[in-house]
Structure formats: C-alpha cells, structure tokens
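Visitor: Hi! Could you walk me through a helix and some ring pairs in this one?

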Amino acid sequence: KPMPKPKPDWAPAVVLKPGALFPKPAPPPAPAPKGGVVGVVAPLKPSEEKAVREVAAFGFTRSDSILALRAANGQVQRAVLNLVREHPNYLDKRLPIPAEEVDLDAMEDARFDERTALEAIHGEENMTEIWFKMGEVVGFEVKLQRSALLVRYDPPNKYPYEPPIVLLRNGGTEGSADHVKDGGWLEMSRRLFREAAKLLAGHEGQAIVYDLAGIANQMVEEWGKGAKKPVQKQEQQSSPVAQAGAAKVAKPKYDPKTHTADGYPLDDLVPGKKITYRQRDAYQRAADRAQAEKAKALSQEDAAERAARERAELSRQLQRESEEKEEREYQARLARLRGEVPEEPTAGSSSATNPP
C-alpha cells in the first residue's frame, strides 16, 4: 500500500477584496407610502369619497368614477360629462342634426323660460344651474320624487332644436330608489334620451324637460317590476262643473286654495301624467308670467322706437318749415331791391304820397 502524503504545515494565502473585512452597512429600506403598505392603494379623502359617490350615483362603476374624477381634477360635473361622451353603451350616436339656421336669441330665451317655469314648479331649493362661465348656463339639475334629472346642453348642442344630454341619478325629494341596481340608472338614462328625441321630432324649439320629468318619475317607480304593461287610455273624466251644467244646476263655487276652477282637487294627479293639478297650474302660471314679461319688454322697446321716430319726424318738419321761411324772406328782399314790389310802409308813416 502506498503511504499517505504528510499534510503540509502551511496554508495557501487568502486574498481579501477591499472592504470585505469590514463591509459597509446595508441601506435602510424605502419608506412605505402614506396611508398604507407597499402595493396597497392609499384610501380616499372624505371629500374625494363623496365625489366618487356622486358620480357613481348616475350608474357608472366605482373604478370609472375614480379615473374620470382624476382626469377632471375632482370636478363632478365635468367627470360625468366625460363619462357620458366616452361610455360605449350610453347613447345612440346617430343624433338628429338640427337645422343650420338657428336663432340663438330665441334658443337662449326658450332655455331661460323653461328653467324659470321648472323652478316655480319644483322649488328653488331643488333646482341647480350649471355654469360654464359667468353668464353662460350649460344645463341644470332638478330633483324629482326619488331621483334627480341632469340636463346638459354644452356647445355645440342646440337644445331645444336637438335633444340634450339627459342623465338620471339616485336620490330625490322623497328619498332614494334603492330597488334600482347596477346599471339600471344608465339604462333609464338611455331610454329617457330616446324619449327626448321622440318629443322633439317635428316639434323643434319646444321645451320638453317638464314632460321628461314626468316620464322619469314613472320610469323609476316601475323599474324592476317586470315587463312594462301597455298603458290603457283613461276615459276622459267629466269635471264637476260639466256635470253640473248637464244637470242644469247653478255652477258651484270652489275654493281656489284646494280646487281648480273646474273643481278638481289640486293635489290629485292629472290623468295620464305624473304631476298634480297644483304643479300643472304653477307651471302654466310661470310660463304665462315669462311670456308676459317678454311681451312687456318688447312693447317697451317698440314704444321707445316709436317715440324716437316721432321726434325725428318732428325735427325734420321744423327744419323744413324754417328753411321755407328763410327762402320766402330772401325772395321778398330780392324783389324789393329790384323794384318789383313796393316797400311796405313802416309803422307811423303817412299813407299819402309826396308830390314830385
């Protein structure tokens, strides 16, 4: 057997790299982001959470609402408008094209009259105008029974000559409609927009939000109750006054605080509409008042123009008479100089002629 080699009593040299014997301490870990751990989204502030709920109330998802608010710098109305314009399932893009020649003054007057009438019906506290800048209203929101109706006509929209953007959201004067789930609000908004297009078909220039509000109330109440049943036409009810006339009795008198002139209770619903007689009469009074104010302004303008024309005509007439008088005096002096007409005797002179 071969003998094992003896172990050397020396060891190979160890090569150390610079800094290996006393290594530098490891850098501290990066601080976690505020409001949570790494990889977890920071919670929203209370004001931001409120804005997200307001946008999502129109039927949009929470994630879409957050992204839209970030793009709109937290402005709720701008975020909603952007979502409506970009949402693939909101509206039919084949909108009716308005007439090229639209009277912009008449358009603004119609919008103002409609807002005034709706404010008289639903109350000033339930109407919110949406301003693009000072002096330019681009829409409004009105609270209904269990929902709120948002109407936008940002340029280049020419409502009432084309349908406006209409959106329904949860929450109204009588509470919220919790039975409407998921995308129900967007679906009702789509249906409401189609109704707006139908109402304006052949009636361009007519205000339609009053009718849309009634349709929206009925739509919210009937949502989720199965297939919509065909509405049966109600027979026209004869008013108590008509019945009294048929019976040849004296016309009864009704308290105007509780009944209409025809005898219907003010708090009863108008047949075929989701509004009361009180609301109908209030809308009509507001519309008549707006029309009267407009007619008064026009009559004042006409009176001012008529007075200005009369003053100008009187001034021209006086000028003509003054020129004619000066012309007659000039011709008379010229004739006297030529000897064609004897001079008239002056006051105090004798009428007899002197002898040659």
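Predicted model: local features only at pLDDT ≥ 70, side-chain atom pairs only at ≥ 80, totals over all residues.

Visitor: How many residues does helix α6 have, and how far does it reach?

Guide: Helix α6 covers residues 209-222, which is 14 residues, and spans 20 Å from its first C-alpha to its last. That is close to the 20 Å expected at 1.5 Å a residue.

Visitor: Which residues in α6 are buried?

Guide: V209, Y210, L212, A213, G214, A216, N217, M219 and V220 are buried.

Visitor: And what covers the buried residues of α6?

Guide: The cover includes helices α4 (104-122), α5 (184-200) and α8 (277-338). Strands β2 (136-143), β3 (147-152) and β4 (165-170) are also among the covering elements.

Visitor: What is the phi of G224, which follows α6?

Guide: G224 has a positive phi, near 80 degrees.

Visitor: Switching to rings: how many aromatic pairs does a search of the whole structure find?

Guide: Two. One of them is F140 with Y153, an edge-to-face pair at 6.5 Å centre to centre with 65 degrees between the planes. F140 sits in strand β2 and Y153 in the loop between β3 and β4, 13 residues apart, so the pair links distant parts of the chain.

Visitor: Is F140 buried or exposed?

Guide: F140 is buried, at a relative accessible area of 0%. Y153 counts as buried too, because its relative accessibility is 1%, under the 20% cut-off.

Visitor: Why is the pair of Y153 and Y159 stacked?

Guide: Because the planes are at 10 degrees, with the ring centres 5.7 Å apart; stacked applies under 30 degrees. Y153 and Y159 are both buried, and ring pairs link F140, Y153 and Y159 into a cluster.

Methods. Residues numbered from 1 in each chain as written. Heavy atoms only, no water. Helix = DSSP H or I, 4+ residues; strand = E, 2+ residues; numbered from the N terminus. Expected span 1.5 Å × (residues − 1). Buried < 20%, exposed > 50% of the residue type's maximum accessible area, 1.4 Å probe, protein only. Contact = heavy atoms within 4.5 Å. Phe/Tyr/Trp six-rings, centres within 6.5 Å; stacked < 30°, edge-to-face > 60°.
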